[in-house]
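Welcome! Here is a short briefing on how two protein chains come together. Take a look at the structure, then read on.

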Amino acid sequence: MTEYLLNRDLQTGIYETFEFDEATGDITIRRWADVQPVLDANKSFHLESDGKGKTAWLAARIPDNIAQDWLVRFGINAWKGEHWPAVKKLLQDPEWRNLRPTSFKL
Amino acid sequence: MNKAGRRTELAYQLTKRAKELKIDIEAIMLSNQAKVVGAAATAPKAASVLSWIKTNVSHVGTNPTGDGTDARVDGTPRAFTEAMLKTVMAGVYTNSSEDLDVLMVGASNKAVASGFSGGAQKTYDVSDRKLVTTIDVYVGDFSTVRIIPNRFMRVRDALLLNWSLWSVDWLRPIRQEELAKTGDAEKRMLVGEWTLRANNEAGNGLVADLTAP
């Protein structure tokens, strides 16, 4: 099987590739992005500021690809307000701590 | 005759065109378009989000009627301010029993909106291309706001959306049809018919007529 480039978004750094299985007719589309710069920015911001503004505090900066992963794996939709309690729970998990540029209690 | 790869090429091209179609649908929904009723020689058009929202709007131009029959009339752009955002959010709070899901903005105004919380703007400039698209979550005393950029919307608009108050309704879901051969090539058509349904425009908001810094 050959992997073809389907899309490369220069603005967001997101890549999509396409694979087709001639025998079964199955199509596989892979989507990925390097989220490390966001995690690094979150970490460095943590050192510079507490994220507290006049009216709102920066609580999280979640790369699209990670939000998509949560949707598939846990059924949690980070784009929806009603899923905020579940998102909040994930953000408090040490595994996802680098999605938070701040550490105030959510 | 070696036909290896022909099915792959067809599937690849269909996938690419389907992706283009999906982008076109999103761009149309976020454009400033009034509905057009179809006729024998007239293609029907769906009313876009901007032709529905009229209740909670900060604007310079003229609001549409709010039933999809006409588009917004744009006004002279001005800079996006926190006061505009707060006014519209307060309007949504008053006119709806539900919370907003997202503040959707063009890339340049995402940086502006991120600055409203104070301090974060410089470090998180989205024009830095190394950073992938993100959902920025801001927690306030009375609400939680998720700011997301959208490259297919007009940069002059900032949309405050409640997803549950919109739906895409399909009359004919997208499918492929084989077209008659007129040469050596194989031809396919992707065809579908949809519209955007606004369940309650007053549960959403819009800051219109913005400059793109």
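Strand β4(A) pairs with strand β3 of chain B (residues 134-140) in the antiparallel sense, over seven bridges. Within β3(B), B:Y138 stands opposite A:L58. Keep in mind that this model is predicted.

**How much of each chain takes part**
- On one side, 46 residues of chain A are in contact with 41 residues of chain B.
- Putting the two chains together buries about 3800 Å² between them, and carbon and sulfur atoms give 57% of that area.
- Within chain A, the residues that lose the most area to chain B are A:Q11, A:R61 and A:W79, which together make up 18% of what that side buries.

**Charged and polar links**
- How many salt bridges are there between chain A and chain B? The count is three.
- In a salt bridge, the side chain of A:E16 meets that of B:K19, with 2.6 Å from N to O.
- Polar contacts also cross the interface of chain A and chain B: 14 residue pairs, with both residues at pLDDT 80 or more.

**Which parts of chain A touch chain B**
- The elements of chain A that give two or more residues to this side are the strands β1 (3-9), β2 (14-20), β3 (27-33) and β4 (56-63), along with the helices α1 (36-48) and α2 (64-74).
- Which element gives the most to the side of chain A that touches chain B? β4(A) does, with eight residues.
- By type, the residues on this side of chain A divide into 27 nonpolar, eight polar and eleven charged.

Terms used: Residues are numbered from 1 along each chain as its sequence is written. Chains are lettered from A and ligands numbered from 1 in the order in which they are written. This is a predicted model: local features need pLDDT of at least 70, side-chain atom pairs count only at pLDDT 80 or more; totals for chains, interfaces and linings use all residues. Side-chain values use heavy atoms; hydrogens and water are left out. Contact means heavy atoms within 4.5 Å. Buried area is the accessible area (1.4 Å probe) that two parts lose on being put together, summed over both. A salt bridge is a side-chain nitrogen of Lys or Arg within 4 Å of a carboxyl oxygen of Asp or Glu. A polar contact is a pair of N or O atoms within 3.5 Å; within protein, one must be able to donate a hydrogen and the other to accept it, and residues adjacent in sequence count only if both atoms are side-chain atoms. Helices (H or I, at least four residues) and strands (E, at least two) are DSSP runs, numbered from the N terminus. Ala, Val, Leu, Ile, Met, Phe, Trp, Tyr, Cys and Pro count as nonpolar, Asp, Glu, Lys and Arg as charged, and the others, Gly among them, as polar. Two strands pair if DSSP finds at least two bridges between them.
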